[in-house]
Amino acid sequence: MQIEHDEIMRRAAAIAPTLAAHARECDAARMLTAESMASMVNAGMFRIPQPRRVGGYELSLRTLADAVTSLSEACPASGWVLMVMGAHHWCMGSFPEAAQDEVFGDGRDGLVAGTLSSQGVASVVDGGYRVEGRWQFCSGVDHADWVILGCADAVTRRPSVHVVVPRAELEVDDTWQVMGLQGTGSKDVVAHNIFVPLNRAIDTRTLFRGASPHAINHATNLYRLSAEAMLSVSVATAVLGSAKFALRQFIERTRERRVILTGVRKAEHGPTQVRLAEAAAEVHSADLLIHDILAEFDRLTATGASFDNDHRVRAKWQAAYAAELCRRAVARMFSGSGAHAVYTPSALQAAFRNVNVGAQHASIDFDNSAEQYARARLGLGS
């Protein structure tokens with residue numbers, strides 16, 4: 001029986017209480033707890049974008065996005081890890097079939113962490129590549145079986161190839177001391193002259209453009225989209241979940257709060273009401289921007305139409321602007337939450353930190369995304 005969108009959302013709702021109960025423990029450990037990770041694995045969350053030919057559900061990016069947003073509302077770290085690993089499971093659909101089989105074959109969950117930016121280097125050798133270097137921001141690596149790494153050419157230093165390697169072949173360096181999203185365990189990984197065969201590699205431009213010859217060998221056109229655009233939208237969905245959590249917390253806190261000096265209910269305070277209305281509109285607008293692009297992804301997947309540069313810059317800009325709207329909304333709510341919001345147990349303080357860290361992701365860089373979009377609209381090239 002093929003799993004559908006509604007079943008995924010039912011499962012997400014079922015595991016949300018478990019993730020919420022472990023959220024602070026994840027932050028304290030600076031990685032997901034075993035219970036949180038097992039909950040998502042057992043619910044099939046990582047199989048949402050995984051190719052059907054190797055045991056995945058091969059569902060739409062809208063389904064993955066809605067699951068990430070929903071779980072990020074319960075535990076931002078868990079939602080973020082699902083977002084990142086889910087993107088990598090989707091990327092595997094563009095890799096050679098031999099790599100897909102090696103990672104996911106025989107019903108294996110695979111669990112692919114990684115870093116798509118080209119931080120290390122690859123040298124061409126007989127039968128494959130020699131890979132070395134350090135990669136930052138490897139979310140969920142403590143629970144991964146495999147790791148995707150973006151590599152620059154060892155000679156030209158330009159992005160050249162993406163490889164997938166067993167996590168056991170890498171050194172994990174615990175550098176993850178940060179202000180937000182601590183529970184994602186986004187540590188560094190280091191490769192010391194690792195050999196990677198050709199069947200576990202893909203040209204970077206081919207992957208980022210959605211032009212892999214292996215992408216057409218699936219039941220759907222899901223893997224013919226741009227990896228660059230897909231990741232940008234995915235990141236925004238995790239930020240959106242944290243912003244929705246913050247909005248809910250702000251409403252609940254405002255209903256209870258009273259002005260210390262007068263005892264007047266804060267909910268009756270006009271400026272606070274305006275602050276809430278603006279924040280709610282920003283979060284809702286972010287949601288609409290993200291789902292507008294997801295609808296375009298669905299259309300392209302259904303028709304098999306090509307994913308061109310206009311689609312890419314539009315997706316990246318709407319994702320970046322959605323994340324910025326979430327950041328503004330949470331900042332507005334946090335500044336209107338009073339002095340008690342600065343204490344570490346404050347849910348709003350945690351949301352403020354998580355959203356600001358999430359919005360720093362390179363794939364939704366506000367300035368670069370805005371410039372590329374504007375240049376495309378003005379006919380100046382990107």
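The structure is a predicted model, in which local features need pLDDT of at least 70 and side-chain atom pairs count only at pLDDT 80 or more, while totals for chains, interfaces and linings use all residues. Residues are numbered from 1 along each chain as its sequence is written, and side-chain values use heavy atoms, with hydrogens and water left out.

**Overall fold**

- The protein chain contains 11 helices and seven strands, these being DSSP runs numbered from the N terminus (helices H or I, at least four residues; strands E, at least two).
- The radius of gyration of the protein chain is 21 Å, which agrees with the value near 21 Å for a compact globule of 382 residues; this radius is taken over C-alpha atoms, and the globule rule is 2.2 Å times the number of residues to the power 0.38.
- The C-alpha trace spans about 75 × 45 × 45 Å along its principal axes.
- Of the 382 residues, 55% are buried, where buried means under 20% relative accessible area, exposed over 50% and partly exposed in between (1.4 Å probe, protein chains only).
- Among contacts with a separation of 6 or more, 72% join residues 24 or more positions apart, a contact meaning heavy atoms within 4.5 Å.

**Largest pocket**

- The largest pocket has a volume of about 970 Å³, and of its 40 lining residues, Ser117, Leu231, His361, Ala362 and Ser363 are the closest to its centre.
- A pocket is an open set of points on a 1 Å grid over the protein atoms alone, where a 1.4 Å probe fits, with protein on both sides within 12 Å along at least five of seven lines, and lining residues have an atom within 4 Å of a point.
- Grid points are joined across faces, edges and corners, and the volume is the space filled by probe spheres set on the points.
- Strand S1 (112-125) is among the elements that each supply at least two lining residues, as are helix H4 (76-91) and helix H7 (227-256); S1 gives the most, with six residues.
- The lining of the largest pocket has 14 nonpolar, 20 polar and six charged residues, with Ala, Val, Leu, Ile, Met, Phe, Trp, Tyr, Cys and Pro counted as nonpolar, Asp, Glu, Lys and Arg as charged, and the others, Gly among them, as polar.

**Second largest pocket**

- The second largest pocket holds about 370 Å³ of space, and among its 21 lining residues, Ala23, Arg24, Asp27, Ala350 and Asn354 lie nearest its centre.
- Two or more lining residues come from each of helix H1 (5-29), helix H3 (61-74), H4 and H10, and H1 gives the most, with five residues.
- By class, this lining divides into 12 nonpolar, five polar and four charged residues.

**Salt bridges**

- The structure holds 22 salt bridges, each a side-chain nitrogen of Lys or Arg within 4 Å of a carboxyl oxygen of Asp or Glu.
- Glu7 and Arg11 meet in a salt bridge with an N to O distance of 2.9 Å, and because they are four residues apart in helix H1, they are separated by about one helical turn.
- Glu7 is partly exposed at 25% relative accessibility, whereas Arg11 is buried at 17%.
- Arg30 forms a salt bridge with Asp174, their closest N and O atoms being 2.8 Å apart, and this pair links distant parts of the chain, 144 residues apart.
- Arg62 forms a salt bridge with Asp298, the closest N and O atoms being 3.6 Å apart, and the pair links helix H3 to helix H8 (residues 270-303) across 236 residues.
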